[in-house]
Structure formats: structure tokens, C-alpha cells
Amino acid sequence: MDTALKDSVPPHNAEAEQATLGALLLDWNAINDVVTKLRPEHFYSMQNQVVYRAMLGLFSRSVTGDSITIINELAAAGELDKAGGAAYVASLTDVVPTAANIDYYVNLVLDRATRRNLIRMSSEIKATAFDETRESRMILEEAEKKIFALADLGQVTTVHDMKEIVPLTIQTIEQHYTNHDTFTGVPSGFVRLDTLTNGFQKSELIIIGARPSMGKTALALNMMEHIAVQNKTPCGFFSLEMSYEQIGQRLLSQSARVSGAKMRSGMLKMEDFQKLQEAAGRCYEAPLYIVDTPNMPLVDLRAMARRLVVNHGVEIIFIDYIGLISTENPSAPVYEQMSEVSKSLKALARELEIPIVALCQVSRDAEGQEPTLAQLRGSGSIEQDADAVMFIHRERKSTAEDEPNPVQDAKLVVAKQRNGPTGDVPLLFLKSFTKFENKLNEEGN
């Protein structure tokens, strides 16, 4: 090919783009992996962009895609002509005989998209470099950010299991009392809560709300410790705010009852190391899977949740937290985005037939008082879509210097439960370990 002609046409692979779409039409289940890698703009052909966008629309509504449903989707949106017509869509399955090599086709599409972005980015950097009103240091910083962002193109969301987390964090999870699984749902380990809910039930969306720094993540980690480490029930955790290393450190502090401050400072005693070694053996085989992608797109979360259930047999999923899930329309009002997220999570819980526990912030006017349903931040649809809503409530107070391991009264307020009673669950909060525990009554229950 002539060099000038080659330079005038952006890099692309038409056959790979068509093969990717054709393979999805042959095996719709493959879209669970593809959606975490490919975006419509990764396709060079406008026709292929339109077709893939229609596929994503069907996927988001849990509708199986084939030539007929894609054509109908495009026709309903008035974009069938932009997609090349019904004949083009139907012909995509003729390009590839099987979906077995779809990963290869996807990687080719991503490779060409990366090259096009490099060309575009180079032009932008070149134009900026000629602007003498800009400092060279600032130009370099902007260029660096763009290059790092491009390096993440098509990056697959990874799952970190306990075999990876335990050696990195040398963490222990202290084994609680043995639960005999007397509940119909997944028991949380908090006795009075499980009595109220009979465990977290299949297909339910459970919301745990609180003001910042009240212990939402700590409570979720307490529950996961009981579910995954003690009961060996496969559990997934989407951490959109903290890295998996930080999650490991929090689990370490909670489970070994070793102060997080001591762990960070390195001021540990031999007995602390002994606790770490003993607990490491217990939690090494725990079926706990961590996904730590910040600002995770909703479509990626749905796809990864399906993969956790299919590949690892996950029976419950925690999300920390719902406000950090990004939607396809980030310019939409916040209440519309939150409504889309809550409805999607409820639909996902029903589809996967597992409980989904999502953490949520409450509005500022709940500071210092017991939160209410009206104070869920973002949208009234969260209250509507959730099967159960509960709030963490405790007083904020600083730790006294002569009180190294403060214990504070707290409670979990079950404000809504579609299929059961509401009420308060008394708890104890161990601030040094950021850990909640059962508060026993006078009878020891």
C-alpha cells in the first residue's frame, strides 16, 4: 500500500469488527466478557458502532440478542439505516463460523482502537506544544495523564481472591461461633438481625445506609467474614472506593482484633504476629472475591456479577458503595442516575437469584440523629426498589487518650423490610478494630 494512502486511513480491521459482532450473535453469552472490554467507540465503522450499541441496549435489559432482536431494536430506535440495513445485520453471522475465537477478534479491534487514539492524542499533544502560552511542565503532565488513560483501554476488570489477599496483607480473620445455618437465607452473623430477616434472602436488594465514617464498610466486612470465612459461602465484594489491599488490612484489623493504628505504625508485639499466622491459615481458602474498580460502570458491574456467580458460585454480593457506580449518561440528573442504578441492581438480584447488599450514604441532615428512609441520598427509587433498608446509628465521639480500645453502643435500624418485621438491632462498635459485634442482653443472647 502506498505510504501516503496508508497514513490517510486510520488503523482499523473491518473483518475483526464484523467477526466480533457475528460471534456475539452466534453465542450471546459471550457478551458478559465482551462488554467489560469493548465500547461502541472502539469500532472504526459507524455501522458497527450502531449495531454494538443496540446489543448493549438489549444486554442492559437482560434480553437475548440475535439477528431478529437486533434488527427490531435498531428499527425501533430509527437507526436501522445507520447500521447498514437489515441485510447487513443478518450477514454478520456469515463472517465467522463459530464464536470460539471471539477473544482474538476483540483484541484486534482494541489494538486498532488504541492505535487510532495514539494518532489522535499525538496530534493534540503536538498542537499544545506549539502554544507558547502554556508551561512545558503542564503540557508534559497533561500528556502523561492521556497516555496512562490510554494504557487502560480494554483493561479487564480483575477479581482478587483470598489466596492473593492473605499473603499480601498477612491477614487474620478470627473465627466466630459456628453457625448451624438455621435460616432460610444467607446469615449475616448478627443474631438479632438474622432473627428479623431470617438471613439475607435470594433475589432481594438490601440497602445499608449511614453518614460517612459511621461504619458502612466495616459492617459489610463483618458480614463477609461470617459468610465467607466461617460458613465457607462464596461471597463477592465490589469495592469502588478502597483497593483490595486496603480491604485486606481492614479485615486483618477486624478479625485479628489488632488495632489498625498499630498495624500502620508497625508497633506490633509477638502475640499480634501469632494471631496473624493463625488467622491466615483459616482465611486462605475462604471463597471471598474482591473487585476493586473505582467508579465502575453499571454495565461492567452487571457483567462481572454474572461471571462471579457462574465461575465462582457466589451466593451473595456486597457493593461499597452505590453512589460510586457510573451510568451511561453521567450528565443526567443525579436522581435519574441513582434510579437507573437501583432498578438495575434489583433486576440483577432477581436474575442471579442471590441477595445483593448495597451500601448507601444518607443526606447531611441526618447527622447526629437516627436516619430515616427519606434521607437516603440520591433518589426515592432506592427506597422503592429495595426489599430491605437498614441504617447504622451511633454517636460520633473522639477516643480518649487513656482508652486504647473503646467500645461504643450502636444499633442497626431495620426501617423497611418488604417480607418481614422492622426493628432495632443493638450492636457494639469496637473503634480500634473498626468492627461491629453482637451486643448480648442480660440473658446472654
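Which residues touch the most other members of the largest nonpolar core? They are Ile-207, Phe-238, Phe-318 and Ile-319, in a core of 75 residues. A nonpolar core here is a set of buried Ala, Val, Leu, Ile, Met, Phe, Trp, Tyr and Cys residues joined through side-chain atoms within 4.5 Å. Buried means under 20% relative accessible area, exposed means over 50%, and partly exposed lies in between, using a 1.4 Å probe and protein chains only.

Please keep in mind that this is a predicted model, in which local features need pLDDT of at least 70 and side-chain atom pairs count only at pLDDT 80 or more, while totals for chains, interfaces and linings use all residues. Residues are numbered from 1 along each chain as its sequence is written, and side-chain values use heavy atoms, leaving out hydrogens and water.

**The chain as a whole**

- The chain has 17 helices and 10 strands; these are DSSP runs numbered from the N terminus, with helices being H or I of at least four residues and strands being E of at least two.
- Of its 445 residues, 49% count as buried.
- Among contacts (heavy atoms within 4.5 Å) with a separation of 6 or more, 72% are between residues 24 or more positions apart.

- Phe-318 is in contact with Ala-220, Met-223, Met-224, Ile-227, Cys-235, Gly-236, Phe-237, Phe-238 and Val-357, leaving aside neighbours within four places in sequence.
- There is also a second, separate core of 35 residues, and Val-34, Ala-54, Ile-70 and Ala-303 are among them.

**Helix α6 and its surroundings**

- In helix α6 (residues 85–95), the buried residues are Gly-85, Tyr-88, Val-89 and Leu-92.
- Seen down the axis of α6, these buried residues fall within an arc of 115°, so they line one face of the helix; the arc is that of the directions from the helix axis to the C-beta atoms.
- As background, an α-helix has 3.6 residues a turn, so residues three or four places apart point the same way.
- Ala-87 and Asp-94 are exposed, on the face of α6 turned away from its buried side.
- The cover over the buried residues of α6 includes α2 (14–26), α4 (46–60) and α5 (67–76).

**Two helix pairs**

- Helices α2 and α6 pack at an angle of about 95°, with their axes 7 Å apart. Axes are lines fitted to C-alpha atoms, for helices over the stretch in contact, and angles run from 0 to 180 degrees between N-to-C directions.
- That makes α2 roughly perpendicular to α6, a label for angles of 65 to 115 degrees; under 35 counts as roughly parallel, over 145 as roughly antiparallel and the rest as oblique.
- In this pair, Glu-15, Gln-18, Ala-19, Leu-21, Gly-22, Leu-25 and Leu-26 of α2 meet Tyr-88, Val-89, Leu-92, Thr-93 and Val-95 of α6.
- The residues of the contact of α2 with α6 are 8 nonpolar, 3 polar and 1 charged. Ala, Val, Leu, Ile, Met, Phe, Trp, Tyr, Cys and Pro count as nonpolar, Asp, Glu, Lys and Arg as charged, and the others, Gly among them, as polar.
- Helices α4 and α5 pack at about 100°, with their axes 9 Å apart.
- That makes α4 roughly perpendicular to α5.
- Here Val-50, Val-51, Ala-54, Met-55, Gly-57 and Leu-58 of α4 meet Thr-69, Ile-70, Glu-73 and Leu-74 of α5.
- The contact of α4 with α5 divides into 7 nonpolar, 2 polar and 1 charged residues.

- Leu-301 lies in helix α15 (residues 298–312) and is buried, with a relative accessible area of 1%.
- Not counting residues up to four places away in sequence, Leu-301 touches Phe-238, Met-296, Ile-319, Ile-325, Leu-345 and Leu-348.
- Arg-306 is also placed in helix α15 and counts as buried at 7% relative accessibility.
- Arg-306 and Asn-32 are 274 residues apart along the chain, yet their C-alpha atoms are separated by 7.4 Å.
- With residues up to four places away in sequence set aside, Arg-306 touches Asn-32, Phe-59, Ser-62, Glu-351 and Leu-352.

**Backbone details in loops**

- A cis peptide bond, with omega about 0°, joins Asp-320 and Tyr-321; Tyr-321 sits in the loop between β5 (316–320) and α16 (334–352).
- Asn-198 is not a glycine, although it has a positive phi of about 60°. Asn-198 is found in the loop between α10 (191–197) and β2 (205–210).
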